There are 2 protein chains.
Amino acid sequence: MAMPTLPDVDDVRKAAARLYGKAVMTPLLSSPQIDAQLSARVLIKAECLQRTGSFKFRGAYNALAQLDPAKRRAGVVAYSSGNHAQGVAAAAQLLGMPATIVMPADAPAIKVANTRFYGAEIVAYDRYRESREDIAQRIASERGAEILPPYDDTRVIAGQGTIGLEIGEEAKRLDVTIDMLIAPCSGGGLVTGCALGLSSTQSHAAIYAAEPEQLDDLRRSLAAGKRVANDPSARSICDALLAPTPGEITFALARRLLAGSIAVSDDEVRQAMATAFSAYKLVLEPGGAAAFAAILSGKLPVAGKTVAIVASGGNVDPAVFTAALG
Amino acid sequence: MAMPTLPDVDDVRKAAARLYGKAVMTPLLSSPQIDAQLSARVLIKAECLQRTGSFKFRGAYNALAQLDPAKRRAGVVAYSSGNHAQGVAAAAQLLGMPATIVMPADAPAIKVANTRFYGAEIVAYDRYRESREDIAQRIASERGAEILPPYDDTRVIAGQGTIGLEIGEEAKRLDVTIDMLIAPCSGGGLVTGCALGLSSTQSHAAIYAAEPEQLDDLRRSLAAGKRVANDPSARSICDALLAPTPGEITFALARRLLAGSIAVSDDEVRQAMATAFSAYKLVLEPGGAAAFAAILSGKLPVAGKTVAIVASGGNVDPAVFTAALG
C-alpha cells in the first residue's frame, strides 16, 4: 500500500476556516508562580475548555464537515477510549449525522455518559482482548458508514493542528517567540498536527511529544527509525494515551517535525494535575496533564525558554482527580 | 458625610482601557449538558482564570493605576479575606508599589501564600475579634499609604464592572441577548459593577446577587430599604463572601440596579463546584460558585432564558475542593 499524502500547513489553515465559530478558541493561560518555579515563560493552551472537554472535537469536525451529503446520511463509526468518542459524537450531531462509537468497557464513566448525551450509539468491547478496528470495520461495512480513525487520518491531524495555529497567532499578539511546544501523545495526531500548525508562525520552535512510561511507543519508534509497539501488558493512569503504536501518517510526520518524546510516570502526571488545579484553576485529566508533567518534573529542561504546553483534555472522574490532589 | 458620587458606565469603560493588556480577557464558556438540564442557555464567565485566580485584580489595578507617583511610592494598605489581598498585591507589584495586606488568620493557605508571592507584607488578625478597618487605618496613617477598600470604592466597583462589559460585548459577538446576570456578592462591588458594565450593551438584563445563607445582608437590606448587618456568629463555606454589611456606595447602586439577591446553602455551593468541575472543567472556590448555585439549585428559575453567570474565583484548598466532589 502506498504511503498516503501527508497533511501540510495549508490543510491546517483550511481546517481553521471550517472550525471557525464551531470550536472554542481556547485561552492561553499563564501563572507567575509556575514561571518563577521553572525560570521559564509557560503558556498553557487550555484545551480542556474545548467543546466536549478535549481537543478531539477539532479533528472530528474537520473530517466530517468534508463528507458529501450521501456520506453524511450513512453516518460515521469511530473507536475510542473516550475523548475521540465525544468529539465524533458532538461533531456528527452538529452536522446532523448518525454516529456509532466503539468504546472500551473500562472507559471512564463520564466519557461514556457524555458520548451518549451527544446522541451516539455505543458498542462496548474489551480493550485487552478484542480488536476495536475489526468491530468498527464490521459495523461500517454493514451500514456503508465512514470510519473515522482517532489519529491516523490527514483530516483529523489537520483539525488538531489548529491548536498549534492558534498558539502561534496568540504568541504573535503577545509579541513572544515560542521556543518549545509540548503536547500529549497517544497515536500522535495532536502533536504532529500542532507541529504543522505552529510552523505557520513559529518555524524555529522545537516540538516534543509527552507519553506515559512503558507506553512510549513514539519515543522508541523515533529511536528505532521504524514503528514499534507497546507491550500489551503495559498500564498507565493516562486512559487517553494508550494507543499501541504510532500511526503510519503520524510517524512519518513525527520523524520530520519532532525534536523528541518524553516519557512521564503516573506520579509525575498526578503532580501536574494537582499543580494545574492550584496554579491555573483547570481540571485536567491524566492524559491532558502529560505535557505539563514533562516540564514540571524537570525531565525536559525549560529554563530561560518560552514554552507552549497543550493541556489537551479534562474528562476525568472525580475519584481519579481527588487522588491526584491528595 | 455626603454620599460619594456613584460610578457610572463611563467609569467602567475607562477602567477597561486601563486594564487592557493587564487583565486576562476571560472566556465565556458553555456546556450543552447544563443547558439541557436547565432548559436555558447558560454562559459562564470564567473569572477564576483571571490573574491571581479571581476577579479582584480588576478593581485593584483600576484603583492603583489612578494614583499619582508620590502616592504610589507611599504604597497601599488593604484588608481582605484573601482574593482582594492577592488582587491588590499583584496590581501593586505590576505598578512598582509597596503593599501591606491585613488578612484574617484563618484565610485559606493558598491565598496567604500567593499574596506573599506577589511581594506584599502580611499582617494577620482575628476575623471574629478585631477590626480589620482599624488595623489598616493605623498602618496607613503611619506610612502615609493609600487604603484600598475591598468593595466600597468607586474605582474598585468600576474595575469589577469590566466583567459585565466583556460579557455584554461577547454576547453581541454571539448575537444573543442576555436576560439575566448573576454574580456572587460579599460587599457588592462585583455585582453592582457588573450591572453597570452590562448596561452598556444589554440594558434590559435582570441582575441578581448570590449570597450565602445567613450572610444574605444584601437581600435583607434590599427588603428593609436600608443597610442591615449579618449576625456575627453566621458561618459559611464561602470564605470570600463574609462581609458584614453592604457598602454605602454598593447599596445605593444595588437599590437602583438589582432585581434581587438569592441566598444559597453550603450544600448547594458544593454541588455547583462539583458540576463546574465536570461540565466546564473549571476549579471554582465556594464563593466563586455561589451564582452558579443560585440557578443550579432551582432557587432562581431560568428556563427559556439566556443567563450569564460570573464564576468569580478559584482559590480553594485541595481538601475543600475534594469534599465538594465527594
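**Helices, rings and a pocket in a predicted model**

The buried residues of α3(B) are covered by elements that include α1 (9-19), β2 (41-46), α4 (69-74), β3 (76-79), α5 and α8 (154-174) of chain B. Contact here means heavy atoms within 4.5 Å, and helices (H or I, at least four residues) and strands (E, at least two) are DSSP runs, numbered from the N terminus. The model is a predicted one, in which local features need pLDDT of at least 70 and side-chain atom pairs count only at pLDDT 80 or more, while totals for chains, interfaces and linings use all residues. Residues are numbered from 1 along each chain as its sequence is written, chains are lettered from A and ligands numbered from 1 in the order in which they are written, and side-chain values use heavy atoms, with hydrogens and water left out.

Helix α3 (residues 56-64) of chain B is mostly covered, as nine of its nine residues are buried (under 20% relative accessible area, with exposed over 50% and partly exposed in between; 1.4 Å probe, protein chains only). Among them are K56(B), F57(B), R58(B) and Y61(B). The ring of F57(B) has R51(B) over its face, at 5.2 Å from the ring centre; a charge sits over a ring if NZ of Lys or CZ of Arg is within 6 Å of the ring centre and within 35 degrees of the ring normal. In chain A, R51(A) lies over the face of F57(A), at 5.2 Å from the ring centre.

A pair of aromatic rings is described by the distance of the centres and the angle of the planes. Over all chains, the structure holds 11 aromatic pairs (rings of Phe, Tyr and Trp, the last by its six-membered ring, with centres within 6.5 Å; planes under 30 degrees apart count as stacked, over 60 as edge-to-face and the rest as tilted). One of these joins F57(A) and Y61(A) in a tilted arrangement, 5.5 Å centre to centre and with 35° between the planes. Because F57(A) and Y61(A) are four residues apart in helix α3 (residues 56-64) of chain A, about one helical turn separates them. F57(A) is buried at 0% relative accessibility, and Y61(A) is buried at 7%. Another pair, F117(A) with Y118(A), is edge-to-face, at 5.4 Å centre to centre and 80° between the planes. Here F117(A) is partly exposed at 31% relative accessibility, whereas Y118(A) is buried at 7%. Both chains contribute to one aromatic cluster, formed by F277(A), F321(A), F277(B) and F321(B).

Just after α6(B), G119(B) takes a positive phi of about 90°.

Attention now turns to a loop. S312(B) is found between β10 (306-311) and α14 (318-325) of chain B, and is buried at 5% relative accessibility. Beyond its neighbours within four places in sequence, S312(B) has contacts that include E47(B), C48(B), P184(B) and G288(B).

Finally, the second largest pocket is lined by 49 residues, with R132(B), Y151(B), L242(B), A243(B) and P244(B) nearest its centre. Helices α5 (83-94), α7 (132-143) and α9 (189-199) of chain B each give two or more residues to this lining. On a 1 Å grid over the protein atoms alone, a pocket is an open set of points where a 1.4 Å probe fits, with protein on both sides within 12 Å along at least five of seven lines, and lining residues have an atom within 4 Å of a point.
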